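My entries follow in the order in which I made them.

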Amino acid sequence: MVVDGEKIKFPGGGTHFHYGADKYIVGLAQMLKFPGDKLNNGGHIRNVLDVGCGVASFGAYLLHHDIIAMSLAPNDVHENQIQFALERGIPSTLGVLGTKRLPYPSRSFELAHCSRCRIDWLQRDGILLLELDRLLRPGGYFAYSSPEAYEQDPENRKIWNAMYSLLKRMCWKVVAKRGQTVMWSKPLSNSCYLKRDPGTLPPLCNSSDDQDASWNVSMKACITPYSARMHKERWSGLLPWPQRLTAAPPRLEEIGVSSEEFHEDTKIWHFRVIEYWKQMKSVIQKNSIRNVMDMNSNLGGFATALKDKDVWVMNVASVKMSARLKIIYDRGLIGTVHDWCEAFSTYPRTYDLLHAWAVFSEIKERGCSPEDFLIEMDRILRPDGFVIIRDKHSVINYIQKFITALRWDGWLSEVEPRTDALTGGEERVLIARKKLWTDGFMTISLR
């Protein structure tokens, strides 16, 4: 990697080169003619999907521009680069661009980015580009840097012409082209789709299709049209960052939550997080927490309450509550859908703090193993990391039996929290710190 003239070799072999990342980001802003050459465009560009991200250097530099990227690396020979990205404290994840939708709701990103990401965007009738189309917001951009965008040999020209033809039929437009990079933009409304000739491919998706469903849902070779509201208003309706973090987003009505309930949720989590940090104050060291996971994110209140801390949060929505993940993205946060009866796709020891609110209760209700979930939490958690478990009294008592075996007894706190509008019956809060093992390898059995 080359940053400011310095080459950095990465562990695991090979050298990744990245020249003048800040200049590249400014260049993208100049291509789009954004004010002040700032890619965040006054807070209107906040959520970015970086596909084939390598070690997530692009996402790392975006953080300095008040932009957060979901840096996605495919499960291939380069997947170990994500481990390095997470070690650097950069938001990133493993993923598969194959036959299933990515685990994000529709209209989640203002910008998608692919720089030599080695993805065949034209395969299967362009189904991967159609997946990007589902994920981008009205007027969203696709920054594409690849040989076929600038090379003039017959093979690359053939690929470019096919890609240009497909995207034109999808109503995308080239808004800028400079050097090795081309910038596409999506339409602001459904008007262009409705003007296409009958039988034009790809077709529009069926109106009965749930465009936000993403857990184990097959990709579809069709264009996802905008909702009636987005079509009429010709934009997402979101305020610029950081105002959007605490403003009630328009899509709340789609999940049956009022703006009053939304703001009450934000206030409750602000108080809850203050109480958590009071409990941990004596043991938290400065800059010791960076990668955080909220294992039951709901409306994103927990992550919002951490806005003044130098952390990023992976918000995880359960499959049952996956419709709420769009609110996470509408707030300018990031997250994913997951079933906690299964393992989470990340490397061991990649998060500094795990927050589990009522997750154990849900797992038990579904007949899954709470012991397996404890082991999965331990796998994800770094040594000296913290777990915050908020659940029923009986659940906390059950977990206490395994604290010593897990070596989560580096520091412990258990309290009965104040009752609030989100409290479901009797709740307890258990905060535990994982020890750094120093006495050799041991085998843990929770059976």
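**Entry 1: Asn315.** I began with the side chain of Asn315, where a polar atom lies 2.9 Å from the backbone oxygen of Ile334; I take a polar contact to be a pair of N or O atoms within 3.5 Å, where within protein one must be able to donate a hydrogen and the other to accept it, and residues adjacent in sequence count only if both atoms are side-chain atoms. I note here that this is a predicted model, in which local features need pLDDT of at least 70 and side-chain atom pairs count only at pLDDT 80 or more, while totals for chains, interfaces and linings use all residues. Residues are numbered from 1 along each chain as its sequence is written, and side-chain values use heavy atoms, with hydrogens and water left out.

I placed Asn315 in strand E11, residues 312-318; helices (H or I, at least four residues) and strands (E, at least two) are DSSP runs, numbered from the N terminus. Is Asn315 buried or exposed? Asn315 counts as buried because its relative accessibility is 0%, where buried means under 20% relative accessible area, exposed over 50% and partly exposed in between, with a 1.4 Å probe and protein chains only. Leaving aside neighbours within four places in sequence, I listed its contacts (heavy atoms within 4.5 Å), and they include Asp294, Ser297, Leu325 and Ile334.

**Entry 2: the sheet that holds E11.** I followed E11 into an open sheet of 7 strands with mixed pairing, in the order E12-E11-E10-E13-E14-E16-E15; two strands pair if DSSP finds at least two bridges between them. At the edges I found strand E12 (334-338) and strand E15 (411-415), each of which pairs on one side only. Neighbouring strands of this sheet are turned by 15° against each other on average, direction ignored; axes are lines fitted to C-alpha atoms, for helices over the stretch in contact, and angles run from 0 to 180 degrees between N-to-C directions.

Strand E13 (residues 351-357) and strand E14 (residues 381-392) run parallel and are joined by 6 bridges, and Tyr351 has Leu381 in E14 as its bridge partner. Across E14, E15 and strand E16 (427-433) lies helix H13 (residues 393-400), which runs at about 150° to E14.

**Entry 3: Leu422.** I next looked at the loop between E15 and E16, which is the place of Leu422. With a relative accessible area of 23%, Leu422 is partly exposed. Not counting residues up to four places away in sequence, Leu422 touches several residues, among them Trp269, Arg272 and Trp357.

**Entry 4: the other sheet.** A further 7 strands form an open sheet, again with mixed pairing, in the order E5-E4-E3-E6-E7-E9-E8. Why is one side of E5 and of E8 left without a neighbour in the sheet? Strand E5 (92-95) and strand E8 (173-178) stand at the edges with a single partner strand each, so one side of each has no neighbour there. On average, neighbouring strands of this sheet are turned by 20° against each other, direction ignored.

Strand E6 (residues 109-115) pairs with strand E7 (residues 136-145) in the parallel sense over 6 bridges, and Cys114 stands opposite Tyr144 in E7. Two helices that pack on the sheet went into my notes: helix H3 (residues 80-87) touches strand E4 (68-74) and E5, its direction making about 160° with that of E5, while helix H4 (residues 123-135) touches strand E3 (47-51), E6 and E7, its direction making about 135° with that of E7. E3 and E4 run parallel and are joined by 5 bridges, and 6 of the 7 residues of E4 are buried.

**Entry 5: Ser108.** In the loop between E5 and E6 I found Ser108, which counts as buried because its relative accessibility is 0%. A polar atom of the Ser108 side chain lies 2.7 Å from the backbone oxygen of Pro105. Beyond its neighbours within four places in sequence, Ser108 is in contact with Asn47, Leu135, Arg137 and Tyr329.

**Entry 6: the two domains.** Finally I looked up the division of the chain into domain 1 (2-233) and domain 2 (252-434), with bounds that come from an automatic or database domain assignment. Their C-alpha centres lie 30 Å apart, and 27 residues of domain 1 are in contact with 25 residues of domain 2.
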